[in-house]
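Here are my notes for your first read of this model. Keep the sequence and the 3D view open as you go.

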Amino acid sequence: TMLQPLVDNKIISLIKPEGGFFAFFKTDQADATDLGMSILHKEKVSLVPGSSFGPSGAPFLRLCYARDAEYLEEGLRRIVNFFM
């Protein structure tokens with residue numbers, strides 16, 4: 001996965017999705033809402049804060065990957081660029 005550098009550097013943790021169109025990854029933030037907004041403003045990639053799914057989701061961000069491969073790859077590249 002293109003997010004592997006972030007996993008390797010312990011920036012996020014990710015369990016490979018087995019179905020559906022969403023990846024839910026854990027950040028090191030207690031509430032990832034501000035992090036998601038920073039990614040949106042800097043890299044123009046929209047992620048849904050996990051807190052939208054309840055309090056236990058707060059440290060997570062959700063990525064929808066139901067996109068054409070070229071758009072998905074560009075979005076993932078931008079997410080990695082944000083952290084690296």
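In what order do the strands of the open sheet lie?

1. The sheet. The order is β1-β2-β4-β3, in an open sheet of four strands with antiparallel pairing. The edge strands are β1 and β3 (48-49), and each pairs on one side only. Strands are DSSP runs of E with at least two residues, helices are runs of H or I with at least four, and both are numbered from the N terminus. Two strands pair if DSSP finds at least two bridges between them.

2. What you are looking at. This is a predicted model, where local features need pLDDT of at least 70 and side-chain atom pairs count only at pLDDT 80 or more, while totals for chains, interfaces and linings use all residues. Residues are numbered from 1 along each chain as its sequence is written, and side-chain values use heavy atoms, with hydrogens and water left out.

3. Strand β2 and its partners. Strand β1 (residues 13-14) pairs with β2 in the antiparallel sense over two bridges. There, S13 has K26 of β2 as its bridge partner. Strand β4 (residues 60-64) also runs antiparallel to β2, joined by five bridges. In that pairing, A23 is partnered by L63 of β4, and F22 stands opposite C64.

4. Strand β2 covers residues 22-26. A23 and F25 make up its covered face. F22, F24 and K26 are on the uncovered one.

5. A residue in the loop. T27 sits in the loop between β2 and α2. Is T27 buried or exposed? T27 counts as buried because its relative accessibility is 7%; buried means under 20%, exposed over 50%, and partly exposed in between (1.4 Å probe, protein chains only). The T27 side chain reaches the backbone nitrogen of Q29 at 3.2 Å. A polar atom of that T27 side chain also lies 2.7 Å from the backbone oxygen of P59. Neighbours within four places in sequence aside, T27 is in contact (heavy atoms within 4.5 Å) with I11, A32, L35, P59 and L61.

6. The helix pair. Helix α2 (residues 33-43) packs against helix α3 (residues 69-83) at about 110°, with axes 10 Å apart. Axes are lines fitted to C-alpha atoms, for helices over the stretch in contact, and angles run from 0 to 180 degrees between N-to-C directions. So α2 is roughly perpendicular to α3; that label covers 65 to 115 degrees, with under 35 roughly parallel, over 145 roughly antiparallel and the rest oblique. From α2, the contact uses L35, S38, I39, K42 and E43. From α3, it uses R78, I79, N81, F82 and F83.

Conventions: Polar contact = N/O pair within 3.5 Å; in protein donor to acceptor, adjacent residues only side chain to side chain.
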